[in-house]
Amino acid sequence: MSAAGATLTAADFARFRAQAEAPGHARVPAGSLVYFSSVTNNTARFVERLGIDGIRLPLHTAEPAPLVTEPYVLVVPTYGAGNTRVGAVPRQVIKFLNEEQNRRLIRGVIGAGNTNFGEHYGEAADIIAAKCRVPVLYRFELMGTSDDVAAVTQGLEELWTRPSLR
């Protein structure tokens with residue numbers, strides 16, 4: 001995917017559809033969104049603007065992580081701005097994905113970040129996508145723009161309303 005403000009392309013969705021329709025993968029139902037948002041609530045504000053009910057991961061790692069039962073798309077911010085990938089994925093997300101069922105049902109990742117991180121912008125999404133073998137669907141900066149909200153809303157609606165994904 002490209003940098004902040006980029007829109008989802010037909011190729012991005014084709015790649016995601018191919019992953020979702022691959023043998024052994026469940027179909028993506030409408031409305032399945034899981035997200036983590038820190039105390040800044042930037043990611044939560046973005047998800048709220050999407051108008052999609054999502055499952056918010058707990059703020060504290062001491063709280064139990066939810067166990068999902070349906071395929072979902074994960075929305076995750078990137079932490080840190082150093083020159084290392086260590087610490088980019090929030091610990092709460094790692095705990096959630098350590099549950100095999102949660103890893104098995106992920107179908108794509110949307111990354112939040114800050115372009116001030118340079119080459120590490122949205123890196124948590126890249127790390128999760130590689131480890132879970134799913135595509136990075138989109139990236140947005142901080143709490144996203146109206147264009148980001150429109151692009152993600154349209155892309156998710158297209159994915160979840162396709163007869164082949166029901």
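User: Before anything else, what counts as a helix or a strand here?
Analyst: Helices are DSSP runs of at least four residues (H or I) and strands are DSSP runs of at least two (E), numbered from the N terminus. This is a predicted model.

User: OK. How many helices and strands are in the protein chain?
Analyst: The protein chain has 6 helices and 5 strands. Along the sequence they follow the pattern α-β-α-β-β-α-α-β-α-β-α.

User: What order do the strands take in the sheet?
Analyst: The order is E2-E1-E3-E4-E5, in an open sheet of 5 strands with parallel pairing.

User: Which strands stand at the edges?
Analyst: Strand E2 (55–56) and strand E5 (136–141) do. Each has a single partner strand, so one side of each has no neighbour in the sheet.

User: And how many bridges join E1 to E3?
Analyst: There are 3 bridges between E3 and strand E1, which covers residues 33–35, and the two run parallel. Leu33 stands opposite Val73 in E3.

User: Where does helix H2 lie?
Analyst: Helix H2 (residues 42–50) lies across E1, E2, E3, E4 and E5, and runs at about 160° to E1.

User: Which strands does H5 lie across?
Analyst: H5 lies across E3, E4 and E5, at about 165° to E4.

User: Changing topic: what's in the largest nonpolar core?
Analyst: That core has 23 residues, and Tyr72, Leu74, Val93, Leu97, Ile106 and Ile128 have the most contacts inside it. The elements giving two or more residues to this core are strand E3 (72–77), helix H3 (91–97), strand E4 (106–113) and helix H5 (123–132).

User: Which of them gives the largest share?
Analyst: H5 does, with 6 residues of this core.

User: You listed Leu97. What does Leu97 touch?
Analyst: Leaving out residues up to four places away in sequence, Leu97 touches Tyr72, Leu74, Asn102, Arg103, Ile106, Ile128 and Cys132.

User: What about a second core, how many residues does that have?
Analyst: The second core is separate and has 18 residues, including Ala44, Val47, Leu50 and Val149.

User: Now the whole chain. What share of the residues is buried?
Analyst: Buried residues make up 49% of the 166 residues in the protein chain.

User: Last one: what share of the contacts joins residues at least 24 apart?
Analyst: The share is 72%, among contacts in the protein chain between residues at least 6 apart in sequence.

Methods
Residues numbered from 1 in each chain as written. Predicted model: local features only at pLDDT ≥ 70, side-chain atom pairs only at ≥ 80, totals over all residues. Heavy atoms only, no water. Buried < 20%, exposed > 50% of the residue type's maximum accessible area, 1.4 Å probe, protein only. Contact = heavy atoms within 4.5 Å. Core = buried A, V, L, I, M, F, W, Y, C linked by side-chain atoms within 4.5 Å. Pairing = 2+ DSSP bridges. Axes fitted to C-alpha atoms, helices over the stretch in contact; angles between N-to-C directions.
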